[in-house]
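Trainee: I would like a close look at one part of this model. Please take me through the helix packing and the backbone around it.

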Amino acid sequence: MAPILRVEKKPAREEVYQTSLEPKYQLIARDELHENEYSREPALAQLREFIVKHPQIKQCRMDSAFLLRFLRNRKFNVTAACDAIVRYLTMKTLHPEFFNFDPLHLNKLIGEHLVVPLGQDAEGRLVLLIRYGQFNPEEHSPERQVNMIGLAIETHFDNEQYQVTGIVVVIDMLGISLAHLAVLTVPKLKVMTTITGEMKMVRIKKVHLLRVPSLAAKLAEFWISTTPAKLQQRMKFHKTLDTLKDDIDPEVLPTIYGGKQSLEEANEKFHKLALSQRDRFLKQAEMYIDLSIPAPNAKNANAALQSSVADESVIGSFRKLNVD
C-alpha cells in the first residue's frame, strides 16, 4: 500500500529512505550527481530542516521522492536545492493557473495525443513527445498547454530512475500557424519559460526540434536564448523525420514518426498512469508559500546550513543552475 502523501511541514514520522534505483543507475547518481549513502541522508535532513524553519513556506511535501528531485537536479548542492524549492513554490503560488495537473481537467487534451511520454530509451531516459503544432490555439490556451506538459512530466518524476537519467524531449512544430504565435505575447512567453523551468526539476539531456517552419523560427530563437548555454548545446534541429530516426530509438519512436510504437497505446498508458496518481496531484496543489510574510535574508537564512556541510563541492554556488 502506498504511503499517504503529506504536505505538512512536520510529518508524523521520519521517513526511512530505501532506493529503488538499479545498480547501474546508482553508479550514474554517484558519478554525475555526487549522490551516495553518505551524502544522501544528511542532505535530505538539511533540506527538511530548511523547509521547516522557512517562515514563508506553509505547506510542502517532505518525502524523499519529492526532495530528491531538487537535490539531484542541483547535483546535491544543498543550498541551491533549498533555493530551487523556494522558487518552485513561489512560481506555484504566483501563477497557479500553470500548475493544474488534474488529469480529469485535462482529459480532452490527453485524448488528442498532444503530449505523450513514450517510455525509456536505451540509456534509461524518459522520451517525451510534444506535438506543439497540433495544439488548437483557439481551444488550448498557453496555460493549458503548460498544464499538459507539466502533467506528463509530473506523472513520471517521482520515479527515481528518471530523476537520475533525465529526459529527452522531441518537439514537433509541424502545423504551427500565425494563430499559435498570436497568443504568445513576450511577457507571457517569459513567464511560461520560467515556470516550465521551475516545475520540472528534471535533467534535460537532449531537445530535438522537429520540422520548425520559417514563421516559427523567431519564436524558437527567442525561446532558445532564454535557456542556459549548456542546454542550448543539447538542442538539435531536424528538418525531416529521417534524421530524427538516427537519434531516437525506433522501439520508442511512434510509427507515425517512422518508429515501431503505437502512439495511441503509449498515450493510453500515460493516461492510466496519470489517473492512478490523481490523488497525489490534488494533494500537491495544496503546497504553497506565503509571500505576505517578509522573506528571510538569503545569506543569514542559509548560514547555518552552509556551515554544517564541510564539503565545498556539495555546497557550490547558491545560484548555480545545473542543466544536467
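Mentor: Helices (H or I, at least four residues) and strands (E, at least two) are DSSP runs, numbered from the N terminus. The model is predicted, so local features need pLDDT of at least 70 and side-chain atom pairs count only at pLDDT 80 or more, while totals for chains, interfaces and linings use all residues. Residues are numbered from 1 along each chain as its sequence is written, and side-chain values use heavy atoms, with hydrogens and water left out.

Phe76 sits in the loop between α3 (64–73) and α4. Its phi is also positive, near 60 degrees, and Phe76 is not a glycine. Most residues other than glycine have a negative phi. Phe76 counts as buried because its relative accessibility is 1%. Buried means under 20% relative accessible area, exposed over 50%, and partly exposed in between, with a 1.4 Å probe and protein chains only.

Now α3 itself. Nine of its ten residues are buried, and the helix is mostly covered. Among the buried ones are Phe66, Leu67, Leu68, Phe70 and Leu71. Arg69, Arg72 and Asn73 are buried as well. The cover over them includes α1 (23–33), α2, α4, α6 (142–156), α7 (160–165) and α14 (278–284).

Take α2 next. It has 14 residues and reaches 20 Å from its first C-alpha to its last. That is close to the expected 20 Å, where the expected span is 1.5 Å times one less than the number of residues. Its buried residues include Arg40, Leu44 and Arg48.

How does α2 (residues 40–53) pack with α4 (residues 78–94)? The angle is about 40 degrees, and the axes are 10 Å apart. The two helices are therefore oblique to each other. α2 passes α4 in a right-handed crossing. From α2, the contact is made by Ala43, Gln46, Leu47, Phe50 and Ile51. From α4, it is made by Val78, Ala81, Cys82, Ile85 and Val86. Contact means heavy atoms within 4.5 Å. The residues of this contact divide into nine nonpolar, one polar and no charged. On the α2 side, Ala43, Gln46, Leu47, Phe50 and Ile51 are also buried.

His113 has a phi of about 55 degrees and is not a glycine. It lies in the loop between α5 (107–111) and β2 (115–120). His113 is buried, with a relative accessible area of 19%.

Terms used: Axes fitted to C-alpha atoms, helices over the stretch in contact; angles between N-to-C directions. Parallel < 35°, antiparallel > 145°, perpendicular 65-115°, else oblique. Left-handed = near helix turned anticlockwise from the far one by under 90°. Nonpolar A, V, L, I, M, F, W, Y, C, P; charged D, E, K, R; others polar.
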